Amino acid sequence: MLKQPVSTLADYRRAVGGPAFPSHAIALTIDDGPHPVWTPKILRLLRKHHAPALFCMIGNQVLGHETTARDVAKDGHHLANHTWSHPTFLGRRRYKPVHKELHRAQEKIYDTTGQAPVLFRSPGGDWSPALLRASAGDGLIPLDWNKDPRDWDKPGVPHITRRLLAAKPGDILLCHDGGGDRSQTYAALAIVIPALQARGLRFVALDRKPPTHR
Ligand SMILES: [Zn+2]
């Protein structure tokens, strides 16, 4: 069992195994969707730049937005479990409600997309030994990030862009497609993805298993 969540690509390889990432690898993770407006826009952007991302989906957002969730998987992106209802302070909850949050989201994501997540991201990055035990018990690898532009707080496109452009090889970036108006995130990513690629960085997928479609 991991004592800390994975927050860099080096952590990820230590936890998951497999061949090392290329030295110029970087990962983009996108949380709180699927969202009927922002997810398709971000998908088009990723397609344009041939960049994979990890979408950390909330079960009750997949509910009602099944087509959008399937579109993410169909584009070859990997999906992570981001709980059923995105509760705050999940690290303080008891095992039973935590297990329910993880299990319900896992079922919904799998039933909708045919992809069973192997990674779990706690809302707000709230972790505790009990939560790490619970995710291990459910066969999920705990995942954090190490570059947070705080895009959810709408700090402005220049702020988000600047923070993301500070990314270095091996980083795991955090962005959001759900939870509100993500126009700033979208505008920043449209600048940042090609800029990081032009610098020689390569976006890599985060999952130990290839996605399977039904
Ligand atoms: Zn979240």
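What is the volume of the largest pocket? The largest pocket has a volume of about 330 Å³. The model is predicted, so local features need pLDDT of at least 70 and side-chain atom pairs count only at pLDDT 80 or more, while totals for chains, interfaces and linings use all residues. Residues are numbered from 1 along each chain as its sequence is written, and side-chain values use heavy atoms, with hydrogens and water left out.

**Confidence**
- The chain has a mean pLDDT of 94 (the predictor's confidence in each residue, from 0 to 100).
- Residues 210–214 have pLDDT below 50.

- Among the 22 lining residues, Asp32, His86, Gly124, Trp152 and His176 are the closest to the pocket's centre.
- A pocket is an open set of points on a 1 Å grid over the protein atoms alone where a 1.4 Å probe fits, with protein on both sides within 12 Å along at least five of seven lines; lining residues have an atom within 4 Å of a point.
- Its volume is the space filled by probe spheres set on the points.

**Helix pairs**
- Helix α2 (residues 38–48) and helix α8 (residues 183–198) pack at about 5°, their axes 10 Å apart.
- α2 and α8 are therefore roughly parallel (under 35 degrees).
- Trp38 and Leu45 of α2 and Tyr186 and Ile193 of α8 are among the residues in contact (heavy atoms within 4.5 Å).
- Helix α4 (residues 66–74) and helix α5 (residues 95–113) have axes that come within 9 Å and cross at roughly 75°.
- α4 and α5 are therefore roughly perpendicular (65 to 115 degrees).

Note on methods
Axes are lines fitted to C-alpha atoms, for helices over the stretch in contact, and angles run from 0 to 180 degrees between N-to-C directions. Helices (H or I, at least four residues) and strands (E, at least two) are DSSP runs, numbered from the N terminus. Angles under 35 degrees count as roughly parallel, over 145 as roughly antiparallel, 65 to 115 as roughly perpendicular and the rest as oblique.
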